[in-house]
Amino acid sequence: MPKVWAAVLLGIFLLPQPAWAITLEQVPNPRRQYGGWVSDTANILSSSTENELNRLITQLEQRTGAEMAVVTVPNTQGYATPKAFTTQLFNYWGIGKAGRNNGVLFLVSVGDRRIEIETGRGLTTLLPDSQVQQIIDQQILPRFRAGDFDGGTLAGVRQLASALQGQQASTSLSPATVPQAVGAGSLAAAQSSLEGILLLLGIIILGVGWQRSRLPVYLKAERGTRRAIPLTRRTQEAAALSSLQSDPIRLFLYSGSLCLGLFLMSASGNWLVLTLPLLAAVVTDGTLCQKRGIPFQPVVCQSCGRPMRPIQAQVLDTCLSPGDRLAKSRGRASYYGWFCPSCQGAAVVVRENAFYRHLYCPRCQALTLDLTTQVLREATYSSSGLKLEILSCPICGYRSEREVVIPELSDTDTDSDFGGDSGGDSDFGGGSSSGGGAGGSW
């Protein structure tokens, strides 16, 4: 008998086990986690898509006050339906402003192959369920069925944002939308003309960009220099090295590639070919920028007029000051150097990370300032608070302090206004939903 029970237990453990069910508490709240609107727990969205979604929804919230959350989950096991899970998560977080109930939850359940869009009670007129269903059927599901989760999610959010801002949602041209008076021959001629314009425009733009990229950038080669010239700071010395030199060339590169991609898509009828020229542009730009810093234009010595050679990263470290080496190790900037064989001198430039450009030390001019904050007095509902911001440089010992007023607390700052019907913990505005919206399967 013991052997029989052992065999039974072993068989149970060897059976395929269902995926663990996810609960409301296990879904990361993006507002509380990083101040955004996207929680990709199923890991199906690229980082660039998440950034664009956060940008679109932030813009929507600033213009209309409406809130939208985009959530992906592996499954909704443990709940009656994906719709039930979506409604409960909507109310648990309290998406939308309290009293206005103008929230939207865009939820994707990968295991259920289901998309659910939940709307707040205050959006029944501006965003009726029939319009939500139309957006799902026309914009989202076709892309999801092709495996394009990024494209489907972006298209759906764009259409929802347009509707919430009172704009007419754009839909792809279909035979039903073409006036009957327009014949097949007219459409073919118009499409042929459009393709010719796109091809010609792409070639012209890329040609202008190529001509622009032939203009040299002049650097002053110095022996034993440890100064790094910033590419983004507007100083007299760096005027000739402004990042604006490469930015117009990038604009020509990507604009021309987009025109060629649209031409290929129109000619072939396959939207996937649109990405080929853009992908080539991204690879070209990224490879050259990572290697040289000034990716397109040739670098010439200001003294002798001869071409300069890029300096390898290992050798470049010896040309950097201690402050620049510290900034590089902290990931605050990237450094690039060129060597002039004729003058036996070097020139070093720095491209700062956009998040740290304001942390230059006024004394040693290194990108090494550290910002720390101390709360001196907590803010209350009746009085403002006070905090101390300290800027310090570990290289030269510079230190600066300033006091900053913390605004008084308001009712919207409390958890009592968040969380909707379920009383959950969130940083949304406290809206609720009674189950409005629509869904679909792919």
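A residue is called buried when its relative accessible area is under 20%. The model before you is predicted, and every value I quote is computed from it.

I begin with Thr119, which belongs to strand 4, residues 114-119. Its relative accessible area is 3%, and because this is under 20%, Thr119 counts as buried. What does Thr119 contact, leaving aside its neighbours within four places in sequence? The partners are Phe90, Gly103, Val104, Leu127, Asp129, Val132, Ser433, Gly436 and Gly437.

Let us move to Asn102. This residue sits in the loop that runs between helix 4 (82-93) and strand 3 (103-109). Asn102 is likewise buried, at 5% relative accessibility. Along the chain, Asn102 and Thr119 are 17 residues apart, and 7.4 Å separates their C-alpha atoms. With neighbours within four places in sequence again set aside, the contacts of Asn102 include Thr64, Gly65, Ala66 and Glu67. Lys97, too, is in contact with Asn102: the Asn102 side chain reaches the backbone nitrogen of Lys97 at 2.8 Å.

Finally, I turn to the second largest pocket, whose volume is about 350 Å³. It is lined by 14 residues, of which Asp148, Asp150, Gly151, Leu154 and Arg158 are the closest to its centre. Which helix gives the largest share of this lining? Helix 6 does, with 6 residues. Helix 3 (47-64), helix 5 (129-145) and helix 6 (149-164) each contribute at least two.

Thank you for your attention.

Key. Residues are numbered from 1 along each chain as its sequence is written. This is a predicted model: local features need pLDDT of at least 70, side-chain atom pairs count only at pLDDT 80 or more; totals for chains, interfaces and linings use all residues. Side-chain values use heavy atoms; hydrogens and water are left out. Helices (H or I, at least four residues) and strands (E, at least two) are DSSP runs, numbered from the N terminus. Buried means under 20% relative accessible area, exposed over 50%, partly exposed in between (1.4 Å probe, protein chains only). Contact means heavy atoms within 4.5 Å. A polar contact is a pair of N or O atoms within 3.5 Å; within protein, one must be able to donate a hydrogen and the other to accept it, and residues adjacent in sequence count only if both atoms are side-chain atoms. On a 1 Å grid over the protein atoms alone, a cavity is a set of points where a 1.4 Å probe fits but cannot get out, and a pocket is an open set with protein on both sides within 12 Å along at least five of seven lines; lining residues have an atom within 4 Å of a point. Grid points are joined across faces, edges and corners, and a volume is the space filled by probe spheres set on the points.
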